[in-house]
Amino acid sequence: MKAANGAGQDPQRERREFERSEIARILAGETDRFEYFVRTYQKRVFRLAYTLLRDPAEADGLAQDVFVKAYRGLVDFKGAAAFETWVTRIAINAVRDLVRRRKPMVSFGDLRGDGAEDGPELPARLDPADGTSPERDLMAREIRRRIADALVELSPRQRAVFVMKHYEERSIAEIGAATGLDEGTIKSHLFRAARKLRARLEDLR
């Protein structure tokens, strides 16, 4: 028996339907409604950009540019993917373009993984900070610094895939939609990234 009053509906589906209606209103002239998308996704875009770039000023500027590009590109947004997936793709492309201007970089499409499907996982999230003592908070900051330093040593593609999977908690399908990578390549990047991080962080286990 179906739940009364729409109870039990898929929240993600409801959000996508709401966001499609908001986009239609924006395209019809209610441009101020784009603030909803900035307010809802700006922190996520900034967090992704910062994790990839490790520079707060660059990440902040890039996040602003991403939403300018998203606003200008709304007319081409077909709704085949969720807005979050779409804006994540814009952010990844913006990071890729920024890094490419710094040094030569292989495109996502040129990468081919080895098909490894299983591999080592990064140790369970290591963050002992619980506010009980300055010593534990100091230890937590050091661990976070070590993890951040280890992430920087990954390739840009490994870092992007790893961050989306383990920090953003995206599914393989969502990562594929955002990056254009196939499932095997994503799993290969995750395997290699986890292996490198485990080696760097072995003493923290």
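The following legends describe close-up views of a predicted model.

The model is predicted, so local features need pLDDT of at least 70 and side-chain atom pairs count only at pLDDT 80 or more, while totals for chains, interfaces and linings use all residues. Residues are numbered from 1 along each chain as its sequence is written, and side-chain values use heavy atoms, with hydrogens and water left out.

**View 1. The overall fold comprises eight helices and zero strands.** Helices (H or I, at least four residues) and strands (E, at least two) are DSSP runs, numbered from the N terminus. Along the sequence, the chain reads α-α-α-α-α-α-α-α. Of the 205 residues in the chain, 39% are buried, where buried means under 20% relative accessible area, exposed over 50%, and partly exposed in between (1.4 Å probe, protein chains only).

**View 2. Helix α1 spans residues 11-27.** Its 17 residues reach 24 Å from the first C-alpha to the last, close to the 24 Å expected at 1.5 Å a residue; the expected span is 1.5 Å times one less than the number of residues. Glu19, Glu22, Ile23 and Ile26 are the buried residues of α1. Viewed down the axis of α1, these buried residues fall within an arc of 100 degrees, so they line one face of the helix; the arc is that of the directions from the helix axis to the C-beta atoms. At the start of α1, a side-chain oxygen of Asp10 comes to within 3.0 Å of the backbone nitrogen of Gln12. Gly29, which follows α1, has a positive phi near 125 degrees.

**View 3. The second largest pocket holds about 390 Å³ of space.** On a 1 Å grid over the protein atoms alone, a pocket is an open set of points with protein on both sides within 12 Å along at least five of seven lines, whereas a cavity is a set where a 1.4 Å probe fits but cannot get out; lining residues have an atom within 4 Å of a point. Grid points are joined across faces, edges and corners, and a volume is the space filled by probe spheres set on the points. Of the 15 residues lining this pocket, Gln12, Arg44, Ala82, Glu84 and Glu174 lie nearest its centre. The elements giving two or more residues to the lining are α1, α2 and α4, and the largest share, four residues, comes from α1. By class, the lining has three nonpolar, two polar and 10 charged residues (nonpolar: Ala, Val, Leu, Ile, Met, Phe, Trp, Tyr, Cys and Pro; charged: Asp, Glu, Lys and Arg; polar: the others, Gly among them).

**View 4. The second largest cavity has a volume of about 60 Å³.** A search of the whole structure finds three cavities of 30 Å³ or more. Tyr41, Arg44, Val45, Leu48, Glu84, Val87, Thr88, Ala91, Glu168 and Arg170 line the second largest cavity. Helices α2 (35-53) and α4 (83-102) each contribute at least two of the lining residues. The lining consists of five nonpolar, one polar and four charged residues.

**View 5. Ala70 lies in helix α3 (residues 56-72).** Ala70 counts as buried because its relative accessibility is 0%. Its C-alpha atom is separated by 9.7 Å from that of Phe34, 36 residues apart along the chain.

**View 6. Helix α8 covers residues 183-200.** Its 18 residues reach 26 Å from the first C-alpha to the last, close to the 26 Å expected at 1.5 Å a residue. Thr185, Ile186, Ser188, His189, Leu190, Phe191, Ala193, Ala194 and Leu197 are buried in α8. At the start of α8, a side-chain oxygen of Asp182 reaches to within 3.3 Å of the backbone nitrogen of Gly184.

Methods. Polar contact = N/O pair within 3.5 Å; in protein donor to acceptor, adjacent residues only side chain to side chain.
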